[in-house]
Structures are given as structure tokens and as C-alpha cells.
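Q: Please take a close look at a single part of this model, and then describe its surroundings in one connected account.

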Amino acid sequence: MEIIALHNQTLADIAVRHCGTIGALVEIAILNNISITTDLYAGQIIQIPSKDYGNQEVVNYFATNKVEPATALTKEHIALIEGNSGIGYWIIENNFIVQ
């Protein structure tokens, strides 16, 4: 089966969405000759193993509820996370403890 990667989807998202388990992650990566951490782009064709992972209820849940996991961090997300840390943010004895 082939699927088209959506914006901000990771291989992990695709494994859970289309196979019902993160256990399919490595097989999907191997099948597509990419790393499990490869950043996907929207519209990228991804091959899905034609294997029953025994989690059809999870696959059905996503399909029935029209849920498409897309959990990749964007540059904006990373900037938000990093923006709240570091020497310019920490306050001594508040969130920066000197030992």
C-alpha cells in the first residue's frame, strides 16, 4: 500500500496511523530506504508493508474519526521551546538552582 505523507507527519505517525503500532516503524523505514528519523515532506509517497500487525482496531479508530497524526516539530515549535530556556530566561533560585 502507498500513502501520501501529510504536513508535519513523521514515520512514527504513519506507523501508528496505518499499521496500528509503532512496531511497524523500522519496517516502513527499510521499505522506503529512509531512516526512522528522516524528515518527511508533504506529498511524499510512503510504502506501507502489507502485513497485519494485529492492531486493526487502532487503524479503524483513526480512519473512523478521520484523525491523521502529525507530530513533527516545526521550526516555530522548536523556537518556542528553546525560547523559554537558557541564560536569558532563567532566574537564579527560581528556575535556575545554583548548587
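A: The account below begins with a helix and then turns to a loop residue and a pocket.

The model is predicted: local features need pLDDT of at least 70, side-chain atom pairs count only at pLDDT 80 or more, and totals for chains, interfaces and linings use all residues. Residues are numbered from 1 along each chain as its sequence is written, and side-chain values use heavy atoms, with hydrogens and water left out.

Helix 1 spans residues 11–19 and is mostly covered, with 7 of its 9 residues buried. Helices are DSSP runs of H or I with at least four residues, strands are runs of E with at least two, and both are numbered from the N terminus. Buried means under 20% relative accessible area, exposed over 50%, and partly exposed in between, for a 1.4 Å probe and protein chains only. The buried residues of helix 1 are Leu11, Asp13, Ile14, Ala15, Arg17, His18 and Cys19. They pack against strand 1 (2–4), helix 2, strand 2 and helix 3 (56–64); contact means heavy atoms within 4.5 Å. After helix 1 comes Gly20, with a positive phi near 80°.

Gln44 lies in the loop between helix 2 (25–32) and strand 2 (45–47). Gln44 is buried, at a relative accessible area of 12%. Leaving aside residues up to four places away in sequence, Gln44 touches Ile3, Ile4, Ala5 and Asp39.The largest pocket, an open set of 1 Å grid points fitting a 1.4 Å probe, with protein on both sides within 12 Å along at least five of seven lines, has a volume of about 250 Å³, counted as space filled by probe spheres.

Methods. On a 1 Å grid over the protein atoms alone, a cavity is a set of points where a 1.4 Å probe fits but cannot get out, and a pocket is an open set with protein on both sides within 12 Å along at least five of seven lines; lining residues have an atom within 4 Å of a point.
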